[in-house]
Amino acid sequence: MLSEGSSFMKGVLLGGLFCLVLSLLSSFSPSTESGTEDHHHHHVMAPSKDELKRLSDSRMKELSNQVRVSCIIMVQPKILVYWATAVDTWSKHCDKAVFYTSEQSKALEAVDLNEKDDWARLRKALKHAYETAGDLRWFFVAQATTFAIIENLKYLVLAKDPNEPFYLGNAMKSGELEYVAYDSGIVLSYEALKRLVKIFQDEDKCPERGRALWKLSEDKQLAVCLKYTGVFAENGEDSHGKGLFNGKSVETLIKDSMKDNPSNVVEGCCSDLAVTFNGMSPNQMQVMMFGVYRLRPYGHDFVDSLAFLPPEGSDND
């Protein structure tokens, strides 16, 4: 009887120790190398109208011509309708748009990475985008289910230096790890992407195949790798502090605002300069294109301080 009780207690103790180990592992966040913790900002704000007024016309024109975006759009044949919609809508406004797929489709053009694993495929896409960047210095990573307004992204990074490491979007937190949500789109500067591609070569810090007890999502894997290089997730916001990258559709955001801010639904919904939305059907994306780029109330003259011209030869709206 005593031996049975002793065995029971040993089992309890071992079970408790195992739970403790799991708890510690779940809160584990990789430390960065020395000198990489000097990080001063977690919020990247778009310039205000007053800030723009302080820039000369020549400087404004120079900046608007310099900000060019390469779009890295991850697709799969199983979401062919979304893929086709992204080709036909917002991706036309990218200075360069490349679709990366898990396997080739006869219907649509893309870079076939011949890779089933989501994280390994994203790594290959980012490396390819870096190696073929040319003079492009901003990179937008998105899924085919994301709807993006590229001009608003350009406005956000207008006065930012792409030779500094920027990694921004809808910043989230999981335990001690801060990351940018994939479904809202991820923005990387040239310097951030350069560091990322370099750390890809270090299998100990940034393995191509996960080694954890449970598999991390691609956006968290990306954050872990970038953290080792001293690049941290930052939240993209307008000059009023409203988030610009949305993981929900406009319809859902308005419904949420009707419940939470019934007296001022529009103001409580989302930023006028929102960059992304998600969770829309392909048909809703087409409606968004009409609303964003075509529909204008007669008698209202919208004159912005600068213009982002479409890529040369583009047939965008």
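1. A disulfide is taken here as a pair of cysteine sulfur atoms within 2.5 Å, and cysteine 206 and cysteine 225 form such a disulfide, with their sulfur atoms 2.0 Å apart. The link of cysteine 206 and cysteine 225 is right-handed, with 90 degrees about the S-S bond. Cysteine 206 belongs to the loop between α7 (190-199) and α8 (218-228), whereas cysteine 225 is in helix α8, so that this pair links distant parts of the chain, 19 residues apart. Helices (H or I, at least four residues) and strands (E, at least two) are DSSP runs, numbered from the N terminus. Cysteine 206 is buried, with a relative accessible area of 0%, and cysteine 225 is buried as well, with a value of 1%; buried means under 20% relative accessible area, exposed over 50%, and partly exposed in between (1.4 Å probe, protein chains only).

2. On the basis of these remarks, please note that this is a predicted model, in which local features need pLDDT of at least 70 and side-chain atom pairs count only at pLDDT 80 or more, while totals for chains, interfaces and linings use all residues. Residues are numbered from 1 along each chain as its sequence is written, and side-chain values use heavy atoms, with hydrogens and water left out.

3. The structure holds three disulfides, and with bonded cysteines counted along the chain they follow the pattern 1-2, 3-4, 5-6. One of them joins cysteine 71 to cysteine 94, with an S to S distance of 2.0 Å, and this link is left-handed, with -90 degrees about the S-S bond. Cysteine 71 is in strand β2 and cysteine 94 in the loop between α4 and β3, so that the pair links distant parts of the chain, 23 residues apart. Cysteine 71 counts as buried at 0% relative accessibility, and cysteine 94 counts as buried at 4%.

4. Another disulfide joins cysteine 269 to cysteine 270, with an S to S distance of 2.4 Å. The torsion about the S-S bond of cysteine 269 and cysteine 270 is about 55 degrees, so this disulfide is right-handed. Cysteine 269 is buried, with a relative accessible area of 15%, and cysteine 270 is buried, with a relative accessible area of 14%.

5. The structure holds twelve salt bridges, a salt bridge being a side-chain nitrogen of Lys or Arg within 4 Å of a carboxyl oxygen of Asp or Glu. Among them is the one that aspartate 135 forms with arginine 68, where the closest N and O atoms are 2.9 Å apart. Aspartate 135 lies in the loop between α5 (118-131) and β5 (138-143), and arginine 68 in the loop between α3 (57-66) and β2 (69-75), so the pair ties together parts that are 67 residues apart in sequence. Aspartate 135 is exposed, with a relative accessible area of 57%, whereas arginine 68 counts as partly exposed at 27% relative accessibility.

6. Glutamate 103 forms a salt bridge with lysine 116, the closest N and O atoms being 3.0 Å apart. Because glutamate 103 lies in the loop between β3 (96-101) and β4 (111-112) and lysine 116 in the loop between β4 and α5, the pair ties together parts that are 13 residues apart in sequence. Glutamate 103 is partly exposed at 38% relative accessibility, while lysine 116 is exposed at 60%. The loop between β4 and α5 also holds asparagine 114, which has a positive phi of about 50 degrees although it is not a glycine, and which is exposed, with a relative accessible area of 63%.

7. A further salt bridge is formed by lysine 248 with aspartate 256, and the closest N and O atoms of this pair are 3.0 Å apart. Lysine 248 is partly exposed, with a relative accessible area of 40%, and aspartate 256 is partly exposed, with a relative accessible area of 24%.

8. The structure holds four aromatic pairs, where rings of Phe, Tyr and Trp (its six-membered ring) pair if their centres lie within 6.5 Å, and planes under 30 degrees apart count as stacked, over 60 as edge-to-face and the rest as tilted. One of these pairs, tryptophan 90 with phenylalanine 140, is edge-to-face, at 5.9 Å centre to centre and with 80 degrees between the planes. Tryptophan 90 is in the loop between α4 (80-88) and β3, and phenylalanine 140 in strand β5, 50 residues apart; both residues are buried.

9. The charged end of arginine 137 sits over the ring of tyrosine 190, 3.9 Å from its centre, by the criterion that NZ of Lys or CZ of Arg is within 6 Å of the ring centre and within 35 degrees of the ring normal.
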